[in-house]
Structures are given as C-alpha cells and as structure tokens.
Amino acid sequence: EIVAEYVNDLLDDGAWHFLARRNIFLYPKRGVAHSIAANFPRIQSATLHLKTVLATELVVQIEERKAFSKWCGEPGEARVCYWMDEQGFIFAEVAADEAGANVYIFSKGLSEAGAWPIGAIFAPTHVPGLIAMIGYLEQADFHPTEVSIEDAQDFYVHLREGFFVKASYG
C-alpha cells in the first residue's frame, strides 16, 4: 500500500504537465522504478508494466533485498543490528525476535559514518574479499562469527574458538 501511494504521488505530483503523467503510453516508467528503489531501502529493484496492452492499471513488481548477514554497532548492552545484503548494503533494522542463528556479524567500515546506517554500504570495495576470507576459514574448520574493520588497511575476523585473525586487504 505504501508503494502504491508513493507511485500515485509521483504520477500526480501537483505540477501541470503538457501531457498527463498518468497516460498509459507516456508515464515515466524508468524514473518511477528507479525512484521506488532509491526511496525504499528494503527494495532492491522495481519493474512496472500494464496488466494488458491498453489497461489503465499499472502493476508494480518489487524484488526485496535478501538478508545475507548483520551489521551491528559497537558491542555493548544495547547493540543495535541491521540486515545487510551480499553487496554490503544495509537496509533494515533487525527486530529483537529475529536472531538468525548462522548469520555473520559485520561491524564498523561504513561508507558514510553517521547515526543512521540504513542506506550505507559496509566496506564498499572489500565485501567480496571479506566473504571469500570467511569461506576459506570455514573450509579450514574454523568458525567465523564477526568481521570488524580496523582501518583502511586491516580488519579482524573473530572466531567462535575464542581468538581472531587480523589481516590486511592486500
């Protein structure tokens, strides 16, 4: 319902247009689809089409982001966590009842430092390498639990066995 209202607001923006934006042949398909994905972090992509060739009903199909892991703030009593996809995009707060047993935790390393991490990207250029490192450690029968960025060169991979691996991106 929220997306439907948003699309209606985009099409009826209150401005006078020479040709109506609700015209089934002229509506701004790409612009609306891009705007939906840009304004709703949980949505990875949106596609728009008409039910039939001359229909007046616009169908919006959305693909939600899939949670790969969590990004969490600093450890402490009130540590807040957010869902993150495989590209490192942080898109929603983790509810208290959503534990996710085998989910990795990532911390620090956001593209935009701020109080609200939704919409930020974790370690933008390093996510594939970090995921590969986790895979290599699992193959060697270690159990990674958390990846923490130290600075522009180094990161830590915390292991369930009680120690951590410090590594460099290079």
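Me: Which exposed residues are carried by the face of α2 turned away from its buried side?

Reply: Arg30, His34 and Ala38 are the exposed residues on that face of α2. Please note from the outset that the model is predicted.

Me: Which residues of α2 are buried?

Reply: The general idea concerns helical geometry. An α-helix has 3.6 residues a turn, so residues three or four places apart point the same way. In α2, the buried residues are Val32, Ala33, Ser35 and Ile36. Viewed down the axis of α2, these buried residues fall within an arc of 165°, and therefore they line one face of the helix.

Me: What do the buried residues of α2 pack against?

Reply: The partners of these residues are α1, β1 and β2.

Me: Which residues are buried in helix α1?

Reply: Helix α1 spans residues 2-11, and its buried residues are Val3, Tyr6, Val7 and Leu11. Seen along the axis of α1, they fall within an arc of 130°, so they line one face of this helix. The face turned away from the buried side of α1 carries Ile2, Glu5 and Asp9, which are exposed. The cover over the buried residues of α1 includes α2 (29-39), β1 (43-50) and β2 (58-64).

Me: How many helices and strands does the chain contain?

Reply: The chain has 3 helices and 9 strands. Read from the N terminus, the order of these elements is α-α-β-β-β-β-β-β-α-β-β-β.

Me: What share of the residues in the chain is buried?

Reply: Of the 170 residues in the chain, 33% are buried. The accessible surface amounts to about 10,900 Å², and carbon and sulfur atoms account for 55% of it. As for contacts in the chain between residues at least 6 apart in sequence, 38% of them join residues at least 24 apart.

Me: Where does Arg65 lie, and is Arg65 buried or exposed?

Reply: Arg65 lies in the loop between β2 and β3 (69-72). The cut-off for a buried residue is under 20% relative accessible area. Arg65 has a relative accessible area of 17%, and therefore it is buried. The side chain of Arg65 makes a polar contact of 2.9 Å with the side chain of Asp85. Beyond residues up to four places away in sequence, Arg65 touches Pro41, Arg42, Ile43, Gln44, Asp85, Phe89 and Phe91.

Me: Why does Lys166 count as partly exposed?

Reply: Partly exposed residues lie between the limits for buried, under 20% relative accessible area, and exposed, over 50%. Lys166 counts as partly exposed because its relative accessibility is 46%. Lys166 lies in strand β9 (residues 164-168). The side chains of Lys166 and Glu150 are joined by a polar contact of 3.4 Å. With neighbours within four places in sequence left aside, the contacts of Lys166 are Glu150, Asp154, Phe155 and Tyr156. Separation along the chain and separation in space can be read together. Lys166 and Ile149 are 17 residues apart in sequence, and their C-alpha atoms are 9.8 Å apart.

Me: What is the mean pLDDT of the chain, and which of its elements has the lowest mean value?

Reply: Where pLDDT is low, the predicted coordinates should not be read in detail. For this chain the mean pLDDT is 84, and 84% of its residues reach 70 or more. Among the elements, α1 has the lowest mean pLDDT, 84, while strand β8 (residues 154-159) has the highest, 94.

How values were computed: Residues are numbered from 1 along each chain as its sequence is written. This is a predicted model: local features need pLDDT of at least 70, side-chain atom pairs count only at pLDDT 80 or more; totals for chains, interfaces and linings use all residues. Side-chain values use heavy atoms; hydrogens and water are left out. Helices (H or I, at least four residues) and strands (E, at least two) are DSSP runs, numbered from the N terminus. Buried means under 20% relative accessible area, exposed over 50%, partly exposed in between (1.4 Å probe, protein chains only). Contact means heavy atoms within 4.5 Å. Accessible areas come from the Shrake-Rupley method with a 1.4 Å probe; for residues, only the protein chains shown count as cover. A polar contact is a pair of N or O atoms within 3.5 Å; within protein, one must be able to donate a hydrogen and the other to accept it, and residues adjacent in sequence count only if both atoms are side-chain atoms. The arc is that of the directions from the helix axis to the C-beta atoms. pLDDT is the predictor's confidence in each residue, from 0 to 100.
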